[in-house]
Amino acid sequence: MRTFINVQDLGPLDKAMAEAFEIKNDRYKYQHLGKNKTLMMIFFNNSLRTRLSTQKAAMNLGMNVIVLDVNAGAWKLETERGVIMDGDKSEHLLEAIPVMGCYCDIIGVRSFAGLTDREDDYAETVLHQFIKYSGRPVFAMETATVHPLQAFADLITIEESCRSLCCNTVAAKKAGTAATETGKQTVKRPKVVLTWAPHCRALPQAVPNSFAQWMNAAPDVDLVITHPKGYELDPLFIGNAHVEYDQRKAFEGADFIYAKNWSNPGVTNPADYGKITCDDRSWTVDAEHMSWTNNGKFMHCLPVRRNLIVTDDVIESPNSLVIPEAANREISCSVVLKRMLEAL
């Protein structure tokens, strides 16, 4: 595997999921693959989970790790071709990229959307420059439009939760307590809801895009997307998901609630791209919202604005999966790096 941007890059998803659980059972099983190999992580934007989990995954695989924060300790980089560089940017990305490639075997890139030019953001110019000019395998650590490592970890977390529910159902049957057919159906085909929530800043669509894409690719997942009108995600990512503008209807019977803000994607009105065109605080996920679900689990990629995206009682409840999600970032990245090391 030379690149990792979308779910299709992994090939058969069932095999990737099996590999994820294999690695979770023995995180150092493939340590020999990374011996004398170097991962370079390039950050154009801030990070906590992505930086820590990716570095930990690489170390588990025996790799050396170089971390470059472009905004702290490096020359300011120009990304546009044809620009007269008489400003504060001292180096062009087209020279910097092949130089970076000289010092490593695999490159991870994190670069957010500018949220001013939809066409430019969705072209993923920075990421594709690394793929074209580095001469190295490249994977996305979140880009202008996608965050595949997060979505992979989300899917692992949902699968774990379903397996746990299945085990509890079997145990209950053995103990002679009720285990309804409805409970069985929930295990087989969970209802997963991606819900928009308010935020004080304009945020990109990368996380919801990838989450929708990966849930569509997963077998036996009933995906519903709910958001205010005008916030429709790109059809490329919506896929076969059902879009429901009534949040309560969307939540009814849900097994998993994935809350995330995103700014206006500009699909219905390009002039609105990257703007906050709705600030309806009634979309904040609170205990009443969760009461509409099928004892649903709460999910969020973190960091989260408490009492704006979700209330304290919900994120701190036993049904909150935000910490297991974050922990599974190490596992999703381990699978991706393992695949790339095997292809070197």
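Predicted model: local features only at pLDDT ≥ 70, side-chain atom pairs only at ≥ 80, totals over all residues.
Trp214 is buried, with a relative accessible area of 0%. Keep that residue in mind, since the exercises start there.

**Exercise 1.** Work out how the rings of Phe4 and Trp214 are arranged.

*Solution.* 
- Step 1: Start with the overview. Searching the whole structure turns up eight aromatic pairs.
- Step 2: Look at the geometry. The ring centres of Phe4 and Trp214 are 6.2 Å apart and the planes are at 70°.
- Step 3: Apply the cut-off. Planes over 60 degrees apart count as edge-to-face, so the pair Phe4 and Trp214 is edge-to-face.
- Step 4: Find the two partners along the chain. Phe4 sits in strand β1 (residues 3-4) and Trp214 in helix α8 (residues 206-217), so to speak distant parts of the chain, 210 residues apart.
- Step 5: Check the burial. Phe4 is buried at a relative accessible area of 0%, and Trp214 is buried with a value of 0% too.
- Step 6: Look for a further member. Ring pairs join Phe4, Phe152 and Trp214 into a cluster.

**Exercise 2.** Classify the ring pair Phe251 and Trp292, and decide whether each residue is buried or exposed.

*Solution.* 
- Step 1: The centres of the Phe251 and Trp292 rings lie 6.0 Å apart, with planes at 75°, so this pair is edge-to-face.
- Step 2: Phe251 belongs to helix α10 (residues 247-251), while Trp292 is in the loop between α11 (287-291) and β12 (297-299); the pair links distant parts of the chain, 41 residues apart.
- Step 3: Buried means under 20% relative accessible area. Phe251, at 0%, counts as buried. Trp292, at 16%, counts as buried as well.

**Exercise 3.** Find which charged residues lie over the faces of Phe21 and Tyr30.

*Solution.* 
- Step 1: Go to Phe21. Arg163 lies over its face, 3.9 Å from the ring centre.
- Step 2: Go to Tyr30. Here Lys338 lies over the face, at 4.6 Å from the ring centre.

**Exercise 4.** Explain why Glu244 and Lys249 don't make a salt bridge, then describe what surrounds Glu244.

*Solution.* 
- Step 1: Glu244 is in the loop between β10 (242-243) and α10.
- Step 2: Glu244 is buried, and its nearest side chain of opposite charge, Lys249, is 5.3 Å away.
- Step 3: A salt bridge needs the nitrogen within 4 Å of a carboxyl oxygen, so Glu244 has no salt bridge.
- Step 4: Look for another partner. The Glu244 side chain reaches the backbone nitrogen of Asp246 at 2.9 Å.
- Step 5: Setting aside neighbours within four places in sequence, Glu244 is in contact with residues including Val224, Ile225, Thr226 and His227.

**Exercise 5.** Pick out the backbone features at Asn36, Glu142 and Pro303.

*Solution.* 
- Step 1: Asn36 has phi near 65°, a positive value in a residue other than glycine. Asn36 lies in the loop between α1 (13-25) and β2 (38-43). At 63% relative accessibility, Asn36 counts as exposed.
- Step 2: Glu142 has phi near 105°, again positive in a residue other than glycine. Glu142 is in the loop between β7 (138-140) and α6 (148-174). With 7% relative accessibility, Glu142 counts as buried.
- Step 3: Leu302 and Pro303 are joined by a cis peptide bond, with omega about 0°. Pro303 lies in the loop between β12 and α12 (312-315).

Note on methods:
Residues numbered from 1 in each chain as written. Heavy atoms only, no water. Phe/Tyr/Trp six-rings, centres within 6.5 Å; stacked < 30°, edge-to-face > 60°. Helix = DSSP H or I, 4+ residues; strand = E, 2+ residues; numbered from the N terminus. Buried < 20%, exposed > 50% of the residue type's maximum accessible area, 1.4 Å probe, protein only. Lys NZ or Arg CZ within 6 Å of the ring centre and 35° of its normal. Lys, Arg positive; Asp, Glu negative; His and termini not counted. Polar contact = N/O pair within 3.5 Å; in protein donor to acceptor, adjacent residues only side chain to side chain. Contact = heavy atoms within 4.5 Å.
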